[in-house]
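Welcome, and thanks for taking a look. Please keep the sequence and the 3D view open while you read this short briefing.

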Amino acid sequence: TFGVMDRIADYYLIYKVKTIGDAYFAISGPSCLIESGDASAPTLRMLKFASDCAQVFSGLYHHPDAGDCLKFIAAQSALLCRGKGKADGSRAGSTVRSMGSQQFRCSMRFGVAVGPVTMGVLPGKRPAFDAWGKSVNLAARMEGTSRPGMIQCSESAYQVVCSDPSSPFLWEPPSTTFAKGFGNIPTHFIRASVQNPPRVLLEVLGVDTLPSTFVFDRIAPSAAAPPPPQPAA
């Protein structure tokens, strides 16, 4: 699963800092700014990266890694929750549901924040590159409080992208979320994306195209569903 995300990250010039358990920590910024000079480019690329990951692993696409890897994660999560005596099957950003004898659905959560970060190599027996700071903490809070299958953005990320005419995202009405260390803050969920993953990227991943608007937190877009709200002006 992370291998597929690595390829999508490379396409959008997203830098993976590290993985923490089932969490994927990545940053966007310097590479995009140097290439385009557009202040909104790093944030937009990060959101497109998150959107493509959500779409590729949504069950609407068929990829060799998607089925077995997500089933394994779902099964492990189910066993873990059963051992802890939990009634539901949710853990660490994954939603596990029984859909038959051996079928599972695993939904990712995404959190995006914009702001300055400190980057460097941490010394020790195993030196490792890392990034930290208030913006990193806020992104972690956005992921932790997000809904399964959804992308939650901080106010700063929303303000950068919502005025970009090239943005393919449709937004839910703003909401207020309590984030540890930040209090009650305004946040924004992406409702849908009118842009599917680029065909060249799907060919690299070995998956089929999906020529339709992708609605987050759903197994498939419903023709009977009301149209999503229009992007903010």
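This is a predicted model: local features need pLDDT of at least 70, side-chain atom pairs count only at pLDDT 80 or more; totals for chains, interfaces and linings use all residues.

The protein chain has seven helices and 12 strands. Of its 233 residues, 41% count as buried.

**Overall fold**

- Among contacts between residues at least 6 apart in sequence, 60% join residues at least 24 apart.
- The secondary structure of the chain, with its seven helices and 12 strands, supplies the element names used below.

**Where H3 meets H6**

- Two packed helices are described by the angle between their axes and the distance between the axes.
- For helix H3 (residues 41–56) and helix H6 (residues 155–162), the angle is about 105° and the axes are 9 Å apart.
- An angle of 65 to 115 degrees counts as roughly perpendicular, and H3 and H6 are therefore roughly perpendicular to each other.
- On the H3 side the contact is made by Thr43, Leu44 and Leu47, and on the H6 side by Ala157, Val160 and Val161.

**Aromatic rings**

- How many aromatic pairs does the structure hold? There are six.
- In one of them, tyrosine 24 and phenylalanine 49 have ring centres 5.9 Å apart and planes at 40°, so this pair is tilted.
- That pair links distant parts of the chain, since tyrosine 24 belongs to strand E2 (residues 23–27) and phenylalanine 49 to helix H3, 25 residues apart.
- Are tyrosine 24 and phenylalanine 49 buried or exposed? Tyrosine 24 is buried, and phenylalanine 49 is buried too.
- Tyrosine 158 and tryptophan 171 have ring centres 4.9 Å apart and planes at 85°, so this pair is edge-to-face.
- Here too, distant parts of the chain are linked: tyrosine 158 lies in helix H6 and tryptophan 171 in strand E9 (residues 169–171), 13 residues apart.
- Both tyrosine 158 and tryptophan 171 are buried.
- Phe2, Tyr24 and Phe49 form a cluster through ring pairs.
- A charge also meets a ring: the charged end of arginine 147 sits over the ring of phenylalanine 189, 4.3 Å from the ring centre.

**The loop between H1 and E1**

- Isoleucine 14 is located in the loop between helix H1 (2–11) and strand E1 (15–20).
- Why does isoleucine 14 count as buried? Its relative accessibility is 5%, and buried means under 20%.
- Beyond its neighbours within four places in sequence, isoleucine 14 is in contact with Ala9, Ala26, Ile27, Ser28, Arg45, Met46 and Phe49.
- One of these partners is methionine 46; the C-alpha atoms of isoleucine 14 and methionine 46 are 6.8 Å apart, although 32 residues separate them along the chain.
- Leucine 13 is found in the loop between H1 and E1 as well, and leucine 13 is partly exposed with a relative accessible area of 31%.
- Most residues other than glycine have a negative phi.
- Leucine 13 has a positive phi, near 60°.

**Strand E9**

- With 10% relative accessibility, leucine 170 counts as buried.
- The C-alpha atoms of leucine 170 and alanine 192 are separated by 5.1 Å, with the two residues 22 apart along the chain.

How values were computed. Residues are numbered from 1 along each chain as its sequence is written. Side-chain values use heavy atoms; hydrogens and water are left out. Axes are lines fitted to C-alpha atoms, for helices over the stretch in contact, and angles run from 0 to 180 degrees between N-to-C directions. Helices (H or I, at least four residues) and strands (E, at least two) are DSSP runs, numbered from the N terminus. Angles under 35 degrees count as roughly parallel, over 145 as roughly antiparallel, 65 to 115 as roughly perpendicular and the rest as oblique. Contact means heavy atoms within 4.5 Å. Rings of Phe, Tyr and Trp (its six-membered ring) pair if their centres lie within 6.5 Å; planes under 30 degrees apart count as stacked, over 60 as edge-to-face and the rest as tilted. Buried means under 20% relative accessible area, exposed over 50%, partly exposed in between (1.4 Å probe, protein chains only). A charge sits over a ring if NZ of Lys or CZ of Arg is within 6 Å of the ring centre and within 35 degrees of the ring normal.
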